[in-house]
Amino acid sequence: MAIVKWAKGIDFVSGLLSKRPKKGTPHSEHSNALLATHRVAATTNPDCTRIYMVGEYNRSTPVTAREAQLRTRFAAVTRAVATRAKDLMNMTTDQANFLAQKDQPNGKKTMKAYLWSICAAAYDAEHQG
């Protein structure tokens with residue numbers, strides 16, 4: 001096992017350290033990505049960073065109908081949120097309504113979460129029947 005000594009000023013490294021190869025590129029079937037994780041826990045062990053080689057993920061089960069439905073909903077709501085965020089006709093009203101509900105017990109704390117709740121409710125209402 002290798003030992004890594006961090007330079008001064010670098011506490012830890014975390015995340016994907018190299019790109020995953022795209023499918024269909026030469027040698028993609030035997031190329032891996034390098035992933036580092038850093039664990040923050042109250043322990044006496046100073047070695048909290050781990051590095052893994054992550055290979056291609058091959059799904060073992062087919063996509064279910066429910067999963068396809070949820071993916072379609074997610075994509076549609078994402079497009080609706082992006083469109084509504086840039087829509088000048090609704091922007092002032094949305095900002096005022098967001099500020100009014102933000103400090104309520106079940107209020108959305110970010111504008112994007114607020115727009116997601118509005119667009120998701122509209123999608124659900126439109127596709128229930």
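Phe-98 is buried, its relative accessible area being 10%; here buried denotes under 20% relative accessible area, exposed over 50%, and partly exposed the range in between (1.4 Å probe, protein chains only). The model is predicted, so local features require pLDDT of at least 70 and side-chain atom pairs pLDDT 80 or more, while totals for chains, interfaces and linings use all residues. Residues are numbered from 1 along each chain as its sequence is written, and side-chain values use heavy atoms, with hydrogens and water left out.

The structure contains 2 aromatic pairs. Rings of Phe, Tyr and Trp (its six-membered ring) pair if their centres lie within 6.5 Å, with planes under 30 degrees apart counted as stacked, over 60 as edge-to-face and the rest as tilted. The ring centres of Phe-74 and Trp-116 lie 5.4 Å apart with planes at 40°, so this pair is tilted. Phe-74 belongs to helix 1 (residues 65–86) and Trp-116 to helix 3 (residues 111–126), so parts 42 residues apart in sequence are tied together. Helices (H or I, at least four residues) and strands (E, at least two) are DSSP runs, numbered from the N terminus. Phe-74 is exposed at 51%, whereas Trp-116 is partly exposed at 25%. The rings of Phe-98 and Tyr-114 are also tilted, with centres 6.0 Å apart and planes at 55°. Phe-98 lies in helix 2 (residues 88–101) and Tyr-114 in helix 3, 16 residues apart. Tyr-114, at 11%, is buried.

Strands pair if DSSP finds at least two bridges between them. Strand 1 (residues 15–16) runs antiparallel to strand 2 (residues 33–38), joined by 2 bridges. Strand 2 also pairs with strand 3 (residues 49–54), antiparallel, over 6 bridges.
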